[in-house]
Amino acid sequence: MSADVELQNVSVTFGSFYAAKNVSVKIRQGEFFSFLGPSGCGKTTLLRAISGFLDPSEGKVLIAGQDMAGIGPNKRPTSLIFQNLALFPLMSVADNIAFSLEVRGKGKAERRKRADELLELIALTGQGDKKVHELSGGQRQRVAIARALAIEPEVLLLDEPLSALDLKLRQRMRTELRAIQKRVGITFIYITHDQGEALTMSDRVAVMNEGELEQVGLCDDVYDFPHTPFVATFVGENNPFYGKVLSVNNEIVKVDSEGNTFLAKAGKIDEKNIHNFSKGDDVILFIRPESIFINNQNNKLDNNFTAKVNTIEFEGNLKNIYLSINSNMNVRFSVPNAVDTSELSNGKDLELTFSSQKAVVLPR
């Protein structure tokens, strides 16, 4: 069984402080949905409101269409995986997984059978008699997931469960976590400040800032078509070009920035409407580093500019090249490591180009 979750104008206050403010979103049945944002933006507050550990100051939480007001955490069709996992060190792995079933009065044989089924699901068959400290970090993570699934919840809530893992293990656990979600088919609601986690695993993502939703959408839409400057800079790397509108032709905006003239698409207000700009408006044009190229006859696009090379940083598969325009603005672009950059010495002027279709203009 799986259930949808709906937040209707949910606000959570502590005194005069809004930890979450007027949040409305519907999470579909069987969806992997992530709340993404910096620390303190209200992500965990919403998760606690969904789980029942925190009552909204205003608004409603609905699970499978039922208002959860007055229903405690133990009565809701949810399971919560905490950031620290909270496994019991003196219990075996199987007993950890089956603990909630013991609380519900299930017999020993039934508990062990369910634990073994879940160990197979998380690819830890035969590990049930081990103690928690005998497992790796990734294995402990999977045990926490199995324990949460033991009571067959309709919604699984995950509060930054991968944050304590090293990079390689985090990346592997993303794949495993998504695979588990697809196998069990229940609704996953995931909290993270890591954009890589959110974009890799989620069906949709909600970007939060200071207690409010900035944008909700498919991962590629949030990345390619940010609705606000915060989303543009928080989700992935971006180059902001500050300027003024010169003219507007349909959805294409001509912008003057530091003496350069650029064309870009008008950003969206929401899924259906775009921003309306007028001549003289202060705006920010955003272009991602991977969408900027060295200008030559083979790839000259409709936006071209000159910048001075400052530094080149090696990042394994990529080289990040940092430049400045008229000493007032900085720009970065990336090339694969295989590209020869030996001629790009510090202080050298470089001709760059990018497409108007890859750039977006938002109100400043």
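Strand S18 (residues 329-336) has 6 of its 8 residues buried, so the rest of the structure largely encloses it. Keep in mind that this is a predicted model. The protein chain carries 9 helices and 20 strands, and buried residues account for 48% of its 364 residues. Here's a quick tour, from strand pairing to the cores and then the chain as a whole.

**Around S18**
- S18 has a partner in strand S17 (residues 318-325): the two run antiparallel and are joined by 8 bridges.
- To find one of those pairings, look at leucine 318, whose bridge partner in S18 is proline 336.

**S1 and its two partners**
- Strand S1 (residues 5-14) and strand S2 (residues 17-27) pair in the antiparallel sense, with 7 bridges between them.
- Valine 12 has alanine 20 in S2 as its bridge partner.
- S1 and S2 make a hairpin with 2 residues between them, and glycine 15 in that turn has a positive phi of about 70 degrees.
- S1 also runs antiparallel to strand S4 (residues 58-63), this time over 5 bridges.
- For a landmark in that pairing, glutamine 8 stands opposite lysine 60 in S4.

**The nonpolar cores**
- The largest nonpolar core holds 36 residues, and the members touching the most others are Ile81, Ile97, Leu149 and Leu156.
- At least two residues of this core come from each of helix H2 (93-97), helix H4 (108-121), helix H5 (137-149), strand S7 (155-159), helix H6 (167-184) and strand S8 (187-192).
- H5 is the top contributor to this core, giving 6 residues.
- Leaving aside residues up to four places away in sequence, leucine 149 touches Arg114, Leu118, Leu121, Leu156, Ile180, Val184 and Ile186.
- Another core lies apart from the largest one; it has 28 residues, including Phe262, Phe277, Val331 and Leu344.

**The chain as a whole**
- The C-alpha trace of the protein chain spans about 75 × 45 × 35 Å along its principal axes.
- Take the contacts between residues at least 6 apart in sequence: 67% of them join residues at least 24 apart.
- The accessible surface of the protein chain is about 17600 Å², and carbon and sulfur atoms own 47% of that.
- On the charge side, there are 42 positive and 45 negative charges, and their mean positions sit 4 Å apart.

Technical notes. Residues numbered from 1 in each chain as written. Predicted model: local features only at pLDDT ≥ 70, side-chain atom pairs only at ≥ 80, totals over all residues. Heavy atoms only, no water. Core = buried A, V, L, I, M, F, W, Y, C linked by side-chain atoms within 4.5 Å. Buried < 20%, exposed > 50% of the residue type's maximum accessible area, 1.4 Å probe, protein only. Helix = DSSP H or I, 4+ residues; strand = E, 2+ residues; numbered from the N terminus. Contact = heavy atoms within 4.5 Å. Pairing = 2+ DSSP bridges. Areas by Shrake-Rupley, 256 points an atom, 1.4 Å probe, with all protein chains shown as cover. Lys, Arg positive; Asp, Glu negative; His and termini not counted. Charge placed at Lys NZ, Arg CZ, Asp CG, Glu CD.
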